[in-house]
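Work through the exercises below with the model open beside you. Try each task before you read its solution.

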Amino acid sequence: MKGSYLFTALLIAAQGSYAGSIKGVVKAQLTSVPPAAAVKMADDPTCMAKHTKPVSEEKLVLDANKNVRYAFVSIKSGFPEGQVFRAPVEPALLDQSGCMFAPHVVGVMAGQGLKVLNSDGVLHNVHLMGKANREVNKAMPAFTKKMVLPGTNFAKPEIMALKCDAHPWMAGYVVVAANPYFAVTAADGSFEIKDVPAGNYVVEAWHEYLGTKTQNVQVGDAIATATFTLAK
Ligand SMILES: [Cu+2]
């Protein structure tokens with residue numbers, strides 16, 4: 001207890017300021033919501049057998065209140081000039097489950113690795129396409145349960161489209177962020193970016209279908225809130 005208090009005090013002293021968090025919601029402003037396309041898994045009976053209910057594409061996942069799932073929220077600027085961020089040692093996590101990428105959108109920090117699981121026991125291939133980073137195209141045979149893509153695959157910040165050439169409906173994104181302050185929205189559209197040093201930031205919400213919006217957020221020693229309304 002005493003030790004952790006001391007650690008917190010030292011951390012605050014080192015940063016010169018308190019850290020807070022940014023919490024909020026991403027909403028969609030749409031006059032009509034396009035119906036989610038059904039995924040046709042009939043080509044692969046093994047995939048189909050993994051589901052008891054019909055599966056839909058995850059390009060636009062909204063709840064009843066038009067809150068947006070799988071939006072990527074991140075701090076774009078506002079850090080002291082020349083600040084260097086260290087990539088987490090632990091890789092981010094992506095699964096292939098039910099012949100879908102889970103989660104549909106995953107964030108990694110530049111230089112961080114990505115652990116990819118194959119929970120399905122069928123052949124998948126992880127095909128990542130960016131511009132700043134080199135292409136990744138790695139088969140994951142049925143018996144390969146996991147592989148780790150090193151941080152060198154995600155050296156530069158950008159949005160990388162993800163697909164599986166064995167299953168044309170499998171689609172997702174790996175978003176490479178310049179700093180560790182990002183989050184992907186949950187099913188109710190909510191997000192939280194934790195342990196943000198006090199300051200004034202430009203925060204961006206990006207969604208593959210609804211586009212991008214930014215807003216200024218001031219972080220002090222309390223929770224800062226930010227609501228994004230993305231309109232098509
Ligand atoms: Cu696949």
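Which hand does the link of Cys47 and Cys99 have, and what is the angle about the S-S bond? The link is left-handed, with -75 degrees about the S-S bond.

Two notes before the rest. This is a predicted model, in which local features need pLDDT of at least 70 and side-chain atom pairs count only at pLDDT 80 or more, while totals for chains, interfaces and linings use all residues. Residues are numbered from 1 along each chain as its sequence is written, and side-chain values use heavy atoms, with hydrogens and water left out.

**Exercise 1. The disulfide**

Task: find what the disulfide joins, and state whether its cysteines are buried or exposed.

Solution. 
- Step 1: Apply the cut-off. A disulfide is a pair of cysteine sulfur atoms within 2.5 Å.
- Step 2: Count. The structure holds one disulfide.
- Step 3: Check the distance. Cys47 and Cys99 are joined, S to S 2.0 Å.
- Step 4: Cys47 lies in helix 2 (residues 45-48), and Cys99 is in the loop between strand 5 (92-97) and strand 6 (100-102), so the pair ties together parts that are 52 residues apart in sequence. Helices (H or I, at least four residues) and strands (E, at least two) are DSSP runs, numbered from the N terminus.
- Step 5: Check the accessibility. Buried means under 20% relative accessible area, exposed over 50%, and partly exposed in between (1.4 Å probe, protein chains only). Cys47 is buried at 0%. Cys99 is buried, also with 0%.

**Exercise 2. The copper site**

Task: list the donors of the copper ion and name their arrangement.

Solution. 
- Step 1: Set the limit. Donors are N, O and S atoms within 2.8 Å of the metal (3.2 Å for Na, K and Ca); water is not among the atoms, so sites may look incomplete.
- Step 2: List the donors. They are His124 (ND1), Cys164 (SG), His167 (ND1) and Met170 (SD), at 2.0 to 2.6 Å.
- Step 3: Read the spacing. In sequence the donor residues follow H-x39-C-x2-H-x2-M.
- Step 4: Test the angles. Four donors count as tetrahedral if all angles lie between 85 and 135 degrees. Here the angles are 95 to 133 degrees, so the arrangement is tetrahedral.
- Step 5: Cys164 is buried at 3%. His167 is buried at 2%.

**Exercise 3. Salt bridges**

Solution. 
- Step 1: Side chains of opposite charge can pair when their charged atoms come close.
- Step 2: Apply the rule. A salt bridge is a side-chain nitrogen of Lys or Arg within 4 Å of a carboxyl oxygen of Asp or Glu. The count is two.
- Step 3: Take one pair. Glu204 and Lys76 meet at 3.8 Å, N to O. Glu204 lies in strand 16 (residues 199-207) and Lys76 in strand 4 (residues 72-77), so the pair ties together parts that are 128 residues apart in sequence. Glu204 is buried at 16%, whereas Lys76 is partly exposed at 48%.
- Step 4: Take the other pair. Asp165 bridges to Lys163, with the closest N and O atoms 3.6 Å apart. Asp165 is partly exposed at 42%. Lys163 is partly exposed at 33%.

How values were computed: Four donors count as tetrahedral if all angles lie between 85 and 135 degrees; four count as square planar and six as octahedral if opposite donors are over 155 degrees apart and all others between 65 and 115; anything else is irregular.
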